[in-house]
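Trainee: I would like to go through this model one question at a time. Could we start with a single side chain?

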Amino acid sequence: MTEQPTHFFREASAAALANADVTTGTMMGFPCLRRAGAFFASCDHRTGDLIVKLPRDRVEELIAAGAGKPFAPAGRTFREWVLIDDRDETRWAELIDEARAFAGGKL
């Protein structure tokens with residue numbers, strides 16, 4: 001049996017979910033994490049890629065460094081969202097935490 005594409009996201013999200021202000025939900029059909037109702041991290045349920053909401057300049061920095069790709073569902077680029085397709089659990093956890101802080105207005 002093959003692993004579900006979202007399994008890696010669930011593992012990398014464990015630390016964020018330990019915070020009382022973080023809940024799960026769905027966004028455009030993708031599993032996601034929310035803080036005070038605001039989406040801040042998600043996972044493409046088809047590919048398993050991480051999608052995080054960060055300040056626009058941080059998104060541009062990640063894309064320029066080759067560490068992320070624009071998130072553009074249906075051809076529309078979301079400027080404060082970046083897609084991460086590598087599978088590094090520590091890196092994902094750090095980006096999820098960074099996105100959680102951004103959702104709380106701390107960046």
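Trainee: Which class does Arg34 fall into by its relative accessibility?

Mentor: This is a predicted model, in which local features need pLDDT of at least 70, side-chain atom pairs count only at pLDDT 80 or more, and totals for chains, interfaces and linings use all residues. Residues are numbered from 1 along each chain as its sequence is written, and side-chain values use heavy atoms, without hydrogens and water. Buried means under 20% relative accessible area, exposed means over 50%, and partly exposed is in between (1.4 Å probe, protein chains only). Arg34 has 27% relative accessibility, so its class is partly exposed.

Trainee: In which element does Arg34 lie?

Mentor: Helices (H or I, at least four residues) and strands (E, at least two) are DSSP runs, numbered from the N terminus. By that count, Arg34 belongs to strand 2.
Its neighbour in the numbering, Arg35, is placed in strand 2 as well, and that strand covers residues 30–35.

Trainee: How far apart in space are Arg34 and Ala20, C-alpha to C-alpha?

Mentor: Sequence distance and spatial distance are separate things to look up. Along the sequence, Arg34 and Ala20 are 14 residues apart. In space, their C-alpha atoms are separated by 11 Å.

Trainee: Which side chain meets Asp21 in a salt bridge at 2.5 Å, N to O?

Mentor: A salt bridge is a side-chain nitrogen of Lys or Arg within 4 Å of a carboxyl oxygen of Asp or Glu. At 2.5 Å, N to O, Asp21 meets the side chain of Arg35. Arg35 lies in strand 2 and Asp21 in the loop between helix 2 (14–17) and strand 1 (22–27), so the pair ties together parts that are 14 residues apart in sequence.

Trainee: How many residues apart are Arg100 and Asp97?

Mentor: Arg100 and Asp97 form a salt bridge, with their closest N and O atoms 3.6 Å apart. Arg100 is buried at 15% relative accessible area, whereas Asp97 is partly exposed at 41%. Both lie in helix 4, about one turn of the helix apart, and that separation is three residues.

Trainee: Which residues are linked with Asp21 in a network of salt bridges?

Mentor: The structure holds eleven salt bridges. The pair Asp21 and Arg35 is one of them, and Arg100 with Asp97 is another. The network links Asp21 with Arg35, Asp97 and Arg100.

Trainee: In the salt bridge of Asp44 and Arg46, how far apart are the closest N and O atoms?

Mentor: The two residues differ in cover. Asp44 is buried, because its relative accessible area is 8%, and Arg46 counts as exposed, because its value is 57%. Between Asp44 and Arg46, the closest N and O atoms are separated by 2.9 Å.

Trainee: How many helices and strands does the chain have?

Mentor: From the N terminus on, the elements run α-α-β-β-β-β-α-β-β-α. Helix 4 covers residues 89–103 and includes Glu89. The secondary structure comes to four helices and six strands.

Trainee: What share of the residues of the chain counts as buried?

Mentor: The C-alpha atoms fill a box of roughly 35 × 30 × 25 Å, taken along the principal axes. The chain has 107 residues, and the share that counts as buried is 36%.
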